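Subject: Structure for your review

Dear colleague,

Please find below the structure that I am handing over to you, together with its sequence.

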Amino acid sequence: MVYSDIWREDLSDKDNCFVLALAHFVYETPPIGVHTWDEDKVENWAENHAWQPFEHWSGKDIVEQVRILARDFQAVADSRKVQNG
């Protein structure tokens with residue numbers, strides 16, 4: 001997975017951060033539009049595509065950690081915007 005394969009100019013920073021965070025927990029690039037799916041569908045996909053260290057986690061637990069990481073990514077992006085004016 002390469003960052004440029006994930007980040008899309010047509011998505012908000014929040015949605016991009018979610019997709020990028022999800023990519024850290026799964027073994028394949030998240031599908032386009034995953035950020036629009038309902039929670040159950042995202043959790044099911046994450047559980048079925050979990051990267052080996054997370055293969056015994058529930059989809060709910062994976063997505064919970066994804067949301068935490070996505071918030072961290074967003075905080076970094078927001079702080080860089082402030083620094084860059």
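A crossing of two helices is called right-handed if the near helix is turned clockwise from the far one by less than a right angle, and left-handed if the turn is anticlockwise. In this model, which is predicted, α2 crosses α4 in the right-handed sense.

The axes of α2 and α4 lie 8 Å apart, at an angle of about 135 degrees. Angles from 65 to 115 degrees count as roughly perpendicular and those over 145 as roughly antiparallel, so α2 is oblique to α4. On the α2 side, the contact is formed by D13, K14, C17, F18, L20, A21 and L22. Their partners on α4 are V66, R67, L69, A70, F73, Q74 and K81. By class, this contact comprises nine nonpolar, one polar and four charged residues.

α4 also packs against α3, with an angle of about 100 degrees and the axes 8 Å apart. α3 is therefore roughly perpendicular to α4. Here α3 contributes E39, V42, E43, A46 and E47, while α4 contributes G59, K60, I62, V63 and R67. The contact of α3 with α4 has four nonpolar, one polar and five charged residues.

I turn now to the largest pocket. The volume of this pocket is about 230 Å³. Its lining consists of 13 residues, of which K14, D15, F18, R67 and A70 are the closest to the centre. The elements that each give two or more residues to the lining are α2 (13–23), α3 (39–48) and α4 (59–83).

With kind regards

Terms used:
Residues numbered from 1 in each chain as written. Predicted model: local features only at pLDDT ≥ 70, side-chain atom pairs only at ≥ 80, totals over all residues. Heavy atoms only, no water. 1 Å grid on protein atoms, 1.4 Å probe; cavity = no way out; pocket = protein on both sides within 12 Å on 5 of 7 lines; lining within 4 Å. Points joined across faces, edges and corners; volume = space filled by probe spheres on them. Helix = DSSP H or I, 4+ residues; strand = E, 2+ residues; numbered from the N terminus. Axes fitted to C-alpha atoms, helices over the stretch in contact; angles between N-to-C directions. Parallel < 35°, antiparallel > 145°, perpendicular 65-115°, else oblique. Contact = heavy atoms within 4.5 Å. Nonpolar A, V, L, I, M, F, W, Y, C, P; charged D, E, K, R; others polar.
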